[in-house]
Amino acid sequence: MEEFQLMKGNEAVAEAAIRAGVDGYFGYPITPQSEVMEYLMAAKPHERTGMVVLQAESEVAAINMLYGGAGAGKKVMTSSSSPGISLMQEGLSYIAGAELPCLVVNVVRGGPGLGTIQPSQCDYNQATKGGGHGDYHLIVLAPASVQEMADFVTVCFDLAFKYRNPTLILSDGAIGQMMEKVKFAEQKPRLTKAPKWATTGKTPDRERNIHTSLDLDPSRHEKFNEKLIRKYKEIEEKEVRYEKILCDDAEYLFVAYGTSSRICQKSIQLAREGGIKVGLFRPITLWPYPKKEIRAMTNQIKGILTVEMSAGQMIEDVLLSVEGKVKVAHYGRTGGMIPTPEEIVEALKQKISGG
Amino acid sequence: MAETSSSNDIVREENLVYAKTKVLTDNVMHYCPGCGHGTTHRLVAEVIEELGIQSDTIGVAPVGCSVLMYNYMDIDMQEAAHGRAPALATAIKRLLPEKYVFTYQGDGDLAAIGTSETIHACNRGENFTIIFINNGIYGMTGGQMAPTTLPNMKTSTSPYGRDVKMMGNPLKMTELVATLPGTCFVTRQSVHSPANVRKARKAIKKAFEYQNLKQGISFVEIVSNCSSGWKMTPLQSNEWMVENMFPFYPLGDIKIPEVQVEQKEGDVLHNSLNQIDKDSKQVKY
Ligand SMILES: Cc1ncc(C[n+]2csc(CCOP(=O)(O)OP(=O)(O)O)c2C)c(N)n1
Ligand code: SF4
Ligand SMILES: [Mg+2]
């Protein structure tokens, strides 16, 4: 049995990628996630598993390398931070349109523009509502610890190949940079057998494999979009993940993901010491969003405070989930600032619970 | 009736001087009459058949008039976003290093929106082939100016002619990538006459074979016509191309590999590699 290791979230993603049998990593440096590629380059995964690691000339190139590698049936991934992820949106739309699997890690920093290198959660809308053009979805998972940074690599690749859809780990600068203990899975072999749709060269026993997102015939293209919609419905039904903390007796609820959810755990303790029974609902999949599960909580609770390191993006999904049954308010910090547990309790009192 | 049977008599295996390569599908091409895209597709397909690499070849189609190339080639293909084909090809070749990989790109695709991907794939010395169709215009979107558009040439976005003071000078990507150590074979060809078609075919064949050298990109520019974009008949467009494009984009090899491959016995590919190198002149950078 392997021991725990002390590692940064970014390094954990990299080590987990090697162990998950990833075939290729393509990336471009940007703070606060450059450790991912630095770790990979130092770890010589080519010698360990044959994994290809390549520093691309831009995030535009990196995401299109993913498109090529995914089309060839390989497990491919990249990581970046907000401005770089913006550059990848066209490519992500093409990959979703061509129905190919891949993993993108966004270690979010404050925006808009060049913004700041400090942690933020301001890319929620971009991650969950599209980002690129067209009717498509990424499958988005939000880790709240270094351990989850590592674990979600495998989870995401399983989902990506199951549904032939790009997946995204939406992390932030805090989880990317902080050190925690982490335990890794055993080394998995790299894929040896190409999926039947992979472009590996057309052999006489099969039709040619083509990856494209183009169809100039609108009626056929609508059929294709309907197929995508059915796929997304199935994902929404089957793949929702979330965690509830101290919700059994809760009268109020924090809804928060990632770093904010970690801080909320301390806020729960403080609030309960002051007599406010509050629990935490932590969405793990941000798309598909745990709408039904949050809605189910409205029978029990009187109000919800969403806590985000943004101006209030996820709150829209919470509002849609509760359908007006309970009061919902947002508390957030922006620009790379991280809320304190005390601030959050104060906001809960002022906006939701009173007292 | 009589006519049909007599033509059937003539169309016999031993009388055939030409047959469509099996690597082209039977789909009707959508190209304008006389367009160089169709001919170049055929040459790529013929080379793949001749080298016997159909089951080992992966192509990357661009955005441009040849966006539907995958409908015409009976090989595995991926359709890239505009300009990004070299990025896709980089990953495909690195992850499947024993396969033959090529991109097929227009001049808008390769010399404008995809300049970065093209130059960096060349500079890294990726081991795939780039087929570059330079018609000096954006064919697909209706004849707008490209970086390759000649000075004073009229297009829909340079209706009074390309004013180089205002719109910049035409970009010679082929000469540019030839200066990079990451390219091993750089040549400029055309497909407007039977003789040129034969030369272009040879060049494309070399380009694919050179992938075995693992010495970097093999790059074949085809100076081509766009009768629709240039607003000419197909014949006029060929004449105009000879008179105006060739002086600016001269045909011929710009760079050939420095190292000859060691000849292994019974190795058809390597034998022919050494053979075809004899008629190339070498320019060093
Ligand atoms: C990101 C993006 N920008 C613009 C376009 C529109 N577009 C399609 S093809 C093309 C130019 C094609 O010209 P070229 O590469 O020279 O190919 P040709 O049609 O001449 O063979 C443009 C601008 C696009 N599809 N995607
Ligand atoms: S528009 Fe130009 S490049 Fe496109 S098919 Fe017609 S002639 Fe060829
Ligand atoms: Mg063109």
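How many residues of chain B are in contact with chain A, and how many residues of chain A take part? Before I answer, please keep in mind that this is a predicted model, in which local features need pLDDT of at least 70 and side-chain atom pairs count only at pLDDT 80 or more, while totals for chains, interfaces and linings use all residues. Residues are numbered from 1 along each chain as its sequence is written, and chains are lettered from A and ligands numbered from 1 in the order in which they are written.

The answer is that 29 residues of chain B touch 32 residues of chain A, where contact means that the C-beta atoms, placed from the backbone, lie within 7 Å. On the chain B side, two or more residues each come from strand S1 (57-61), strand S2 (76-79), H4 and helix H6 (115-124), and H4(B) gives the largest share, 8 residues. Helices here are DSSP runs of H or I with at least four residues, and strands are runs of E with at least two, numbered from the N terminus. By class, that side has 14 nonpolar, 7 polar and 8 charged residues, with Ala, Val, Leu, Ile, Met, Phe, Trp, Tyr, Cys and Pro counted as nonpolar, Asp, Glu, Lys and Arg as charged, and the others, Gly among them, as polar.

Let me turn to the helix pair. Helix H4 of chain A (residues 59-71) packs against helix H4 of chain B (residues 85-95) at about 50 degrees, with the axes 7 Å apart; axes are lines fitted to C-alpha atoms, for helices over the stretch in contact, and angles run from 0 to 180 degrees between N-to-C directions. The two helices are therefore oblique to each other, since angles under 35 degrees count as roughly parallel, over 145 as roughly antiparallel, 65 to 115 as roughly perpendicular and the rest as oblique. Among the residues that make this contact are A:Ala61 and A:Met65 of H4(A), and B:Leu88 and B:Ile92 of H4(B), and the contact residues divide into 9 nonpolar, 4 polar and no charged.

The chains also meet through strands: S9 of chain A (residues 210-211) runs parallel to S2(B) and is joined to it by 2 bridges, strands being paired if DSSP finds at least two bridges between them. Within S2(B), B:Met77 is the bridge partner of A:Ile210.

Finally, chain A holds an open sheet of 7 strands with mixed pairing, in the order S3-S2-S4-S5-S7-S6-S13. Strands S3 (52-55) and S13 (285-287) stand at its edges, each with a single partner strand, so one side of each is left without a neighbour in the sheet.

Terms used. Contact = placed C-beta atoms within 7 Å.
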